[in-house]
Amino acid sequence: MSAPEFTIVAEGLRKNFKKTEALKGVDLKVRAGTVCGLLGPNGAGKTTTVRLLCTLLRPDGGRAEVAGHDIAREARQVRTRIGLIGQNTTTDHVLTGRQNLMLFGRLYHLGKRQALRRADALLEQFGLGEAADRQVKHYSGGMRRRLDIAASFIAAPDVLFLDEPTTGQDPRHRSEVWRSVRSLVDQGTTVLLTTHFLDEADQLCDDIAVVDQGQVITTGSPEQLKSRIGGDQVDLLLRHAHALPQAAKILARVATGEPETVPEARRVSAPVTDRLTALSVLARELEAAGVAVEDISLRRPTLDEVFLRLTGSRPKSAQEAEGDDEILEEGVPA
Amino acid sequence: MTVTDVRTPRDAPTRIVAVPRTPLSRLRWAVTDTWVVAQRDLVHWVRSPAQVFSGLLFPGMMVLLFGYVFGSAMTVENGGDYREFLMPGLFALVIIMGVGETVTAVADDAGAGVTDRFRSIPMSRVGVVAGRCLADMMNSVMGLCVLVLCGLVVGWRAGGSLLESLAAVALLLLLRISIVWIGIYLGLLVKTPEAAAAVWTPLFPIAMISNAFVSPEQMPGWLRVVAELNPMSATVTATRELFDNPGTGGTSWLSENALLMAVVWPALVTAIFFPLAVHRYRKMSR
């Protein structure tokens, strides 16, 4: 039997919670041995999608196969092939690292000797060999997370689901987690992860599915998504912030999207398609209007901007703790 | 971090992890999983002595408080030693208080995603719940053992035959089983450890308005009815009879048929809360 091209296939997946339609028909295909990121604003349906594919929730409509098994009819078979890492670490603080892995090994009904061999191999792989016999409550946050990933890897699953794996982790721990995920993918595991962090999606994912209001609205590699929203991004850096509205108006004439103003940085940005025309028109008209410009630059859009254009809202990103208006309006997720 | 390939065929468990297909192998998985989950909870006993100590301290304190501080002012209806009267009440109290432990543990696991983690692996789903139940039962047995020792120290004796004493313990554990289902139901309902703490609050009055500490005959009329209807009272009277302890001479139908009611009440509670707990657990998938 040749390996199928897609490890996760979802078609028209629907889910209702009481009267709210959480998923309105999610279509998703994840290639074997790749990392796919589900990206979307809060309440878009990312976590619900993962919980359906993990067999934690039953779908109300549509179908999906994970590792060749139907999530509704063959839930238990699906569970032998997947690993789930939720938003919280679920390892037991009182047990040692090795005991935690042994616990899961025994729940997978590996023999005692095999469970032990497996536990030791994974502790080594995730750099926890030294800490194997220490209680987890003495572990650092990053070590706990790695142990969590190791536990979900007991049965060498074909598919690993990560629901916001690095939320609440400091940057060093985040890169530890990324490295672990990468090394698993190198060994052939397929990973589906949800994240708020665009830099995480950019660094880790081969493909991104943007989820909004219970549907996948677009998919593609980070690069594809960036070029899909059209060419380049123009940044205008002004000398005086009071000229921003005027500059934005001029920029709007050549831009293919709504200009975005950042008053603190005295900057206004917008996407353009024809860069040369845009630049010459901008230079001429800004001068005619008497707007003092310090710098004009052209660059590729960030994933952030892609996201904003696609969903009309901006997810929080790691560096962006410094008070983004839109985040404040949306409220901090629970 | 060194990356050794843990997926090499020599040790790749992917193909080894199978799902049980026959009813017998399903049952075997359920039994194993129950035991593994229960062990996880029992390790906490071994590994966190402080928690265990405070858990055991409570019954001891109750013996001291009610046996000696309040006990000197208490009289037993129809005569008899108050501490002999008290001990069966304390046995039942420890059993009733167990609901708080169940709720907290269930809510902790549900809130922290442990329950979801268990549900995402091919283990038996019965095992997740039954393991909790088994662990709680064992915890209660240990609590009872400590309390029995305390009782023996302060002069309590089981006057009945060995068989009667065992029957008394069995009735107490029967009450505990019914309470496990209340605990699992409430734990899945509240889902957070903070909310679970609220469950402890009404426990004490519920335990007090019974025949555990004072005979209902000495209470005002309406309160007597409530105290006698308290399922805990039936178990207390039944264990007093079986242990041959004083204070069993109630005149109401309920206290005259305490042995029967000590079986009927837990059965009734289980009949109500077992389906509710299962429904709640299933609802996690909806």
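**Close-up views of a predicted two-chain model**

**View 1. A salt bridge joins A:Asp148 and B:Arg117.** The closest N and O atoms of B:Arg117 and A:Asp148 are 2.8 Å apart; a salt bridge is a side-chain nitrogen of Lys or Arg within 4 Å of a carboxyl oxygen of Asp or Glu. Between chain A and chain B the count is 3 salt bridges. This is a predicted model, in which local features need pLDDT of at least 70 and side-chain atom pairs count only at pLDDT 80 or more, while totals for chains, interfaces and linings use all residues. Residues are numbered from 1 along each chain as its sequence is written, chains are lettered from A and ligands numbered from 1 in the order in which they are written, and side-chain values use heavy atoms, with hydrogens and water left out.

**View 2. Chain A meets chain B.** In this view, 56 residues of chain A are in contact (heavy atoms within 4.5 Å) with 46 residues of chain B. The two chains bury about 4500 Å² between them, 55% of it on carbon and sulfur atoms; buried area is the accessible area (1.4 Å probe) that two parts lose on being put together, summed over both. A:Arg76, A:Leu107 and A:His109 supply 16% of the area that chain A buries against chain B, more than any other three residues.

**View 3. Helix α3 of chain A is mostly covered.** Helices are DSSP runs of H or I with at least four residues, and strands are runs of E with at least two, numbered from the N terminus. Among the buried residues of α3(A) are A:Leu101, A:Met102, A:Leu103 and A:Phe104. Their cover includes α4 (112-125) and α5 (141-152) of chain A, together with α1 (23-47) and α4 (114-119) of chain B. After α3(A) comes A:His109, whose phi is positive, near 60°.

**View 4. B:Thr201 lies in helix α8 of chain B.** This helix covers residues 200-208. B:Thr201 counts as exposed because its relative accessibility is 59%. Its C-alpha atom is separated by 9.4 Å from that of B:Gly100, a residue 101 positions away along the chain.

**View 5. Chain A as the setting of these details.** Chain A contains 12 helices and 14 strands. Of its 334 residues, 56% count as buried.

Conventions. Buried < 20%, exposed > 50% of the residue type's maximum accessible area, 1.4 Å probe, protein only.
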